[in-house]
Amino acid sequence: MNPLIAVVGATGTGKSKLAVDLASRFNGEIINGDAMQMYRGLPIITNQIPIEERNGIPHHLLSCVDLEEEAWRISKFKSEALRMIDEIRARGKIPVLVGGTHYYTQSVLFKDQIVGEGSEDEEGLPETSTETVSTSTKWPILDSSPEVLMEKLKEVDPAMAQRWHPKDGRKIRRSLEIYFQTGRRASDIYAEQQLMKQKAVSNDEGLLRFKDTMIFWVHAEKEILNKRLNARVDNMLEQGLMSEAQSMSNYLQQKKTEGIEVDMTRGVWVSIGFKELAPYFAALEEANLSDGELQTLKLNCIESIRTATRQYGRSQIKWIRNKLWKAMSDAGMTNRLYLLDSSDVSQWDECVTKPSENIVQSMLNGESTPEPKTLSELANVVLGAKEDQAGQKPISNTECFSCDICQKTMTGEDQWKAHLTSYSHKRGVKSAARKAERDAYFQKRESESQKTSTDAGGDAQTIN
């Protein structure tokens, strides 16, 4: 048996704590799967688990990237994580993969997965994708407007262009980047990967990379989690968040004096906690605001951190509910995904640690594991809803639809169908119908007027 334990979930749910609990109980070592936590020197902004809370457990791929480096491509993370898994197993220990960058963890869990089309997380790219020279330097068109990018994508990969919203510059840019780097259309690469996946299913090879895999989804009720995340931001401020953000701002200023322009749209510079405070540090540098105005700006920036943190948590949950669940369903392994309710931290041992330890022990003993929905009421509600949804006809979300009446573009049939039944669209249809009637009426009157003038002119010529 070559077991792999994975811990996923939204920020603030307790993933890191559970990973330490399980690694401590089962002689494991932890592999970090959070892109921002790979950066060294920023333990507060990137929410790294404090050393005193690691219980002496080795943590790998943590604090291993310098500030000026971009976040790893998925191919690099996957190769490094798989290497670490082999090394940990060679030491007779169990690897525990934990992190909130779920397209990282999912690339390790599954074979040949299309983890995130249109994002910076596809497989199938050559090693040139890890070069230090930015792709926009090689291909300047990548810095163009979404409209220009879309026209180019329509030219080189019309199938991919059909998938993306015309204003979604990031996804359009990524599809073009794949084309420029590989010389192949992204749509062709994805189609090949889909065929490989279908072949693996038909040959009963299994889509999970490691047969003995157990995945724990640490989850909490929405309102409780939101309050917890707000409190987390306050705690980060007490620990020194402003100081870390200031050091990042000073780094940028130093680079600017050296004539080096740092790409603020990539790497650690998009981490929550710094980009929201950037306007405040810019105002400090410009020194054109009063103390009161600066304090107001600072408070607004901090509130933006709270908002961004909550939004990020929702996006992580959305990923698990949709992409991870679908991958587990395709693999026929939804019975390996366990939701653990961390809503009540006072019940952590009872609701999180003990159930997960029992499940892992059963797997290691070759015994049957419990039905995931039976662990808690929250698990029953959330996982039960996913099972019910899986029984319905799948809806395509890989095509864009444009409404000429409302001048809007929707991605996927679900959004399109919702738009067609919306009040605004129905109102637009009625308005367009009335306008068409008016236009037809005035056009008819104009036609009749012209005919009358022509007839009158003819009568005058006859009289003459």
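User: How many of the residues of the chain, in percent, count as buried?

Analyst: Of the 464 residues, 44% count as buried, where buried means under 20% relative accessible area, exposed over 50%, and partly exposed in between, with a 1.4 Å probe and protein chains only. This is a predicted model, in which local features need pLDDT of at least 70 and side-chain atom pairs count only at pLDDT 80 or more, while totals for chains, interfaces and linings use all residues. Residues are numbered from 1 along each chain as its sequence is written, and side-chain values use heavy atoms, with hydrogens and water left out.

User: How many helices and strands does the chain have, and what makes a run of residues one or the other?

Analyst: There are 16 helices and eight strands in the chain. Both are DSSP runs numbered from the N terminus, a helix being H or I with at least four residues and a strand being E with at least two.

User: What makes I30 a buried residue?

Analyst: The relative accessible area of I30 is 1%, and I30 is therefore called buried. I30 lies in strand 2, and, leaving aside residues up to four places away in sequence, it touches A19, V20, A23, I57, P58, H59, H60, V96 and V98, a contact being heavy atoms within 4.5 Å. The C-alpha atoms of I30 and S16, which are 14 residues apart along the chain, are separated by 9.3 Å.

User: In what order do the strands of the open sheet stand, and which of them are at the edges?

Analyst: The six strands of the open sheet follow the order 3-2-4-1-5-6, with parallel pairing. Strand 3 (59–60) and strand 6 (337–341) each have a single partner strand, so one side of each is left without a neighbour in the sheet, and these two stand at the edges.

User: What other pairings can be set against the bridge criterion?

Analyst: Strand 1 and strand 4 pair in the parallel sense over three bridges, with V7 opposite V98 in strand 4. Strand 5 and strand 6 also pair in the parallel sense, over five bridges, and there F216 stands opposite Y338 in strand 6.

User: Why is strand 6 described as largely enclosed by the rest of the structure?

Analyst: Five of the five residues of strand 6 are buried, so the description follows from that count. L337, L339 and D341 point one way and Y338 and L340 the other way, and all are buried.

User: Why are helix 9 and helix 12 called oblique to each other?

Analyst: The axes of helix 9 (residues 222–239) and helix 12 (residues 291–330) come within 9 Å and cross at roughly 135 degrees, where axes are lines fitted to C-alpha atoms, for helices over the stretch in contact, and angles run from 0 to 180 degrees between N-to-C directions. Angles under 35 degrees count as roughly parallel, over 145 as roughly antiparallel, 65 to 115 as roughly perpendicular and the rest as oblique; helix 9 and helix 12 are therefore oblique. Residues making the contact include L225, L229 and V233 of helix 9 and I302, I305 and R306 of helix 12.

User: Why is helix 3 called roughly parallel to helix 12?

Analyst: Helix 3 (residues 102–109) and helix 12 pack at an angle of about 15 degrees, with their axes 11 Å apart, and that angle makes helix 3 roughly parallel to helix 12. In this contact, H102, Y103 and Q106 of helix 3 meet Q316, W319, I320, K323, L324 and A327 of helix 12.

Notes
Two strands pair if DSSP finds at least two bridges between them.
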